[in-house]
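Subject: Structure handover

Hello,

Please find the structure below. My notes on it follow.

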Amino acid sequence: MDILRRNNVTVTGNPDGPVVMLAHGFGCDQNMWRLTVPALADAYRVVLFDYVGCGRSDLSAFQEDRYASLDGYAQDVVEVAEALDLRDAAFVGHSVSAMTGVLAARRVPERIGSLVMIAPSPRYIDDEGYRGGFTAEDIDELLASLDSNYLGWSATMAPMIMGNADRPELGDELTNSFCATDPDMARVFARTTFLSDSRDDLKTVEVPTLVLECAQDVIAPREVGAYVHAQVPGSTLVTLDATGHCPHLSAPQATTGAITGFLAGLRS
């Protein structure tokens, strides 16, 4: 199988620079990084891809049993990294991809040398002593709504996830991205995302890690960012002056500034 075609891999930027791999979140694709790439392209070799089932990936490669857990998405990352023979790459994961990066880095530590987690959440459902932001009933209702009317769910949820009600074009963009995703594949990814519990995996991280949270985020509240930071040994926590769950779209300069500052520090 042609892994690069399967995941619609794009490589851009400085061919001689250190590698930055950008991984999108649920319902999105690599186009969500378009405001981030220009700030990275001069100094870094930038790798973008779409998870199978998203964007312009090869939809015929989708296997429900594989992608019913985060391990399947992490395997996509591993296989792309191996196909490109990446070494010591910085993996930048948005939302659920932050946890995918944790799993991938553990499997191929020689290929992923650092992590940037943007609006991460290891578990979305509240638990004893842990606030994820949602009750189990909340998630059940969310998934039931998605099952019954995916397009309607997308139109309702995307603006809420994006935040920034004063900039409706951002919510519209995320809605369109959700609606462009195959509904059956989106249902699998949604369950994998919102029912996941990766808290124990955080303690296994052995690479330099930046945790980027937003000042206001209904999907990953500040308590989650603090939890991730506390659980990942030696991590750095930065709170962006940004609203919503997608700061790489709503506050691209602040987001890329935090990323490039962190990466530069690793090489100084």
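Does Asp 58 count as buried or exposed? Asp 58 counts as buried, at 18% relative accessibility (buried is under 20% relative accessible area, exposed over 50%, partly exposed in between, with a 1.4 Å probe and protein chains only).

This is a predicted model, where local features need pLDDT of at least 70 and side-chain atom pairs pLDDT 80 or more, while totals for chains, interfaces and linings use all residues. Residues are numbered from 1 along each chain as its sequence is written, and side-chain values use heavy atoms, without hydrogens and water.

Salt bridges

The structure holds 19 salt bridges (a side-chain nitrogen of Lys or Arg within 4 Å of a carboxyl oxygen of Asp or Glu). One of them pairs Asp 58 with Arg 5, with the closest N and O atoms 3.6 Å apart. Asp 58 lies in the loop between strand 3 (45-48) and helix 3 (70-83) and Arg 5 in helix 1 (residues 3-6), so the bridge ties together parts 53 residues apart in sequence. Helices (H or I, at least four residues) and strands (E, at least two) are DSSP runs, numbered from the N terminus. Arg 5 is exposed, at 52% relative accessibility.

Asp 127 forms a salt bridge with Arg 199, the closest N and O atoms being 2.9 Å apart. Here Asp 127 sits in the loop between strand 5 (112-118) and helix 5, and Arg 199 in helix 9 (residues 199-202), so parts 72 residues apart in sequence are tied together. Asp 127 is partly exposed at 35% relative accessibility, and Arg 199 is buried at 14%.

Regards
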